[in-house]
Amino acid sequence: MVTLSQALMIALDRHQAGRVAEAEDIYRRILGADPEYADAMQLLGVLAAQTGRLEEAGRLLRLAVALRPDGVAGLSNLAGVAQSAGDAGPAARLYGRALRLMPELADAHAGRCAALRRLERNGEALAASGRALALAPDHAAALANRAAVLLSCGDPPAAERCARRALRLTGGATTPAWATIRTTAHATLAAALAARRCWAAAEAAARDALAAGHDTGEAWEVLGAALAKLGRFAEALDAFAAAERLRPGSSLWAARGTALVAMARPAEASEDFARALAERPQDAGLHWNLGFARLMAGDYAAGWPEFDWRRQDDRAEPPWRRFSQPTWRGEPLAGRTILLHAEQGLGDTLQFLRYVPLVAALGGRVVLEVQRPLLALAAGLAAGLEGVAQVIARGDPLPPFDLECPLMSLPRAFGTVLADVPATTPYLRPDPQRLERWRLRLAPEAGRELRVGLVWAGNPRFPGDDQRSPRLAGLRALLEVPGCRFYGLQMGEGRADLDGAALPAGFTDLGPEIADFADTAAIMAGLDLVVSSCTGPAHLAGALGRPLWLALPFSADWRWLTGRADSPWYPTARLFRQPAPGDWGAVAGRMAAELAEAAQRFRPSPKREQS
């Protein structure tokens with residue numbers, strides 16, 4: 001006659017072999033014979049959880065724990081059921097109880113990691129996954145859960161590595177537990193790739209997650225974000241609709257808002273960001289995104305206050321500077337000293353230096369701090385400007401001051417709206433000595449040609465630079481236009497595009513001769529036109545009042561608005577926008593056609609021969 005212990009072993013063997021109906025029948029027979037058989041109760045609870053009957057699983061496992069309070073397996077499995085039901089707090093406590101009884105239980109450490117991540121206790125979650133992996137270096141669940149925590153901590157490369165390792169370990173496993181690990185790893189991999197802006201790979205990983213059974217709002221969100229960045233807008237909106245059916249909430253609205261910005265639909269994006277903020281009102285990043293979208297839509301009055309939240313975002317790299325002095329909001333200065341300081345890119349500083357004379361006229365004492373490459377230009381702006389007491393480079397010791405204000409917060413302080421942007425140019429001027437030196441260097445030859453400066457790339461460390469920078473190849477069509485002489489003004493890593501490039505005789509690379517932006521300003525003063533991507537030199541040309549043609553991506557930065565060929569910030573600028581994401585060929589083609597017409601008009605007409 002088979003004993004209950006032998007029957008339990010038979011049931012467990014069939015359970016592990018996937019013959020769940022037979023296993024369940026035997027477990028129930030055992031419990032019919034002995035209703036307090038804790039091991040059978042516990043294993044039947046596990047089977048119920050694996051077949052999706054979470055409520056029944058919880059009831060059975062609670063009974064098992066009541067029958068054997070020191071049963072580590074029962075506690076750990078009950079924690080897993082609580083976690084599957086979305087009860088992360090009870091799950092973390094139950095895992096903790098199990099681990100106090102058996103600290104070497106790697107499964108419980110791995111499960112506790114996932115519960116702690118849901119509770120946003122990321123430091124403890126990383127420690128839990130670390131303990132699991134110290135006990136079992138190839139623990140797939142610990143790796144998958146650790147990947148998700150690393151992503152939450154802002155380390156997408158490490159998250160990707162962990163997720164890929166988990167997927168290699170799970171392989172083609174078909175058991176429910178392994179399938180859950182695999183689908184979690186797929187979803188995390190997709191999100192990590194999206195965070196790294198690897199959009200095609202993120203799409204593939206999100207589709208893998210969905211195919212593997214991870215049909216969740218999170219997977220559809222990542223897919224929607226990736227498709228939006230790839231320019232497949234209709235598919236992206238369908239993916240977000242699927243996500244909303246499964247998991248509406250702030251995460252979805254934030255992700256869709258970002259995608260709508262990529263679609264150049266900022267008004268709709270603003271609505272989604274506002275919905276997300278209703279649930280997360282103190283999320284500085286969301287406020288910043290809402291500000292970006294409103295400014296992009298031209299709603300400056302509502303946009304500047306939200307944009308100012310950027311300084312509260314603790315996730316920013318590098319961190320925002322903190323001052324003990326109060327921030328100026330436009331109140332009378334009454335003789336006080338105010339520090340105006342640069343905060344982001346060189347182009348941002350160049351754009352908002354226009355406000356320095358306005359602040360100086362209010363009766364205070366201005367200390368202006370800029371990035372070192374802009375020091376000479378800023379000093380030229382301040383020379384003879386009453387009220388500007390000192391111009392210093394970022395990193396130099398700060399003199400005493402009473403108030404501070406970032407240059408990019410000055411539009412809010414002055415209440416700037418679209419109709420009254422202070423757009424009088426030039427507000428920057430080249431140094432006279434440098435101007436003379438470069439005038440001789442660029443002296444027109446006989447049969448004068450149109451002189452065109454060319455910039456094709458921005459800072460590659462700027463998020464999205466791959467989308468905003470056409471590179472030299474993207475603007476190549478311009479170099480074929482006759483009647484023009486081109487001058488390369490490109491600095492930085494974008495100069496690598498010149499290596500091995502076949503360039504026409506009419507192209508002169510000035511990069512090696514340019515010491516700083518003051519040199520660039522003097523060069524631009526001697527050119528007939530500057531053609532640039534969305535980067536610092538474009539702002540310099542606009543600030544100098546030079547003719548500027550700006551090559552813009554489909555969804556450009558907020559300052560260029562949408563659907564306009566002109567700029568309220570730079571009256572001498574013309575905007576050439578991509579008709580579809582990534583289509584630099586169309587931009588270069590339009591520019592080349594118009595440049596050919598300009599060169600033809602520019603070329604002197606031949607004199608008539610005397611008869």
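Reader: In this predicted model, is Arg-434 buried, partly exposed or exposed?

Author: A residue is called buried under 20% relative accessible area and exposed over 50%. Arg-434 has a relative accessible area of 22%. Because this value falls between the two cut-offs, Arg-434 counts as partly exposed.

Reader: Which residue meets the side chain of Arg-434 in a salt bridge?

Author: Arg-434 belongs to helix α23 (residues 432–441), and the pair links distant parts of the chain, 82 residues apart. The partner lies in the loop between β7 (507–509) and α26 (517–525). The N to O distance is 2.7 Å, and the partner is Asp-516.

Reader: How many residues apart in sequence are the parts that Arg-311 and Glu-404 tie together?

Author: These two residues form a salt bridge, with the closest N and O atoms 3.1 Å apart. Arg-311 is buried at a relative accessible area of 12%, and Glu-404 is buried at 2%. Arg-311 sits in the loop between α18 (300–307) and β1, while Glu-404 sits in strand β4, so the parts tied together are separated in sequence by 93 residues.

Reader: In what order do the four strands of the open sheet lie?

Author: The edge strands, each pairing on one side only, are β3 (388–393) and β4 (403–406). Strand β1 (residues 337–341) is joined to strand β2 (residues 365–370) by five bridges. The pairing in the sheet is parallel, and the order is β3-β2-β1-β4.

Notes: Residues are numbered from 1 along each chain as its sequence is written. This is a predicted model: local features need pLDDT of at least 70, side-chain atom pairs count only at pLDDT 80 or more; totals for chains, interfaces and linings use all residues. Side-chain values use heavy atoms; hydrogens and water are left out. Two strands pair if DSSP finds at least two bridges between them. Helices (H or I, at least four residues) and strands (E, at least two) are DSSP runs, numbered from the N terminus. A salt bridge is a side-chain nitrogen of Lys or Arg within 4 Å of a carboxyl oxygen of Asp or Glu. Buried means under 20% relative accessible area, exposed over 50%, partly exposed in between (1.4 Å probe, protein chains only).
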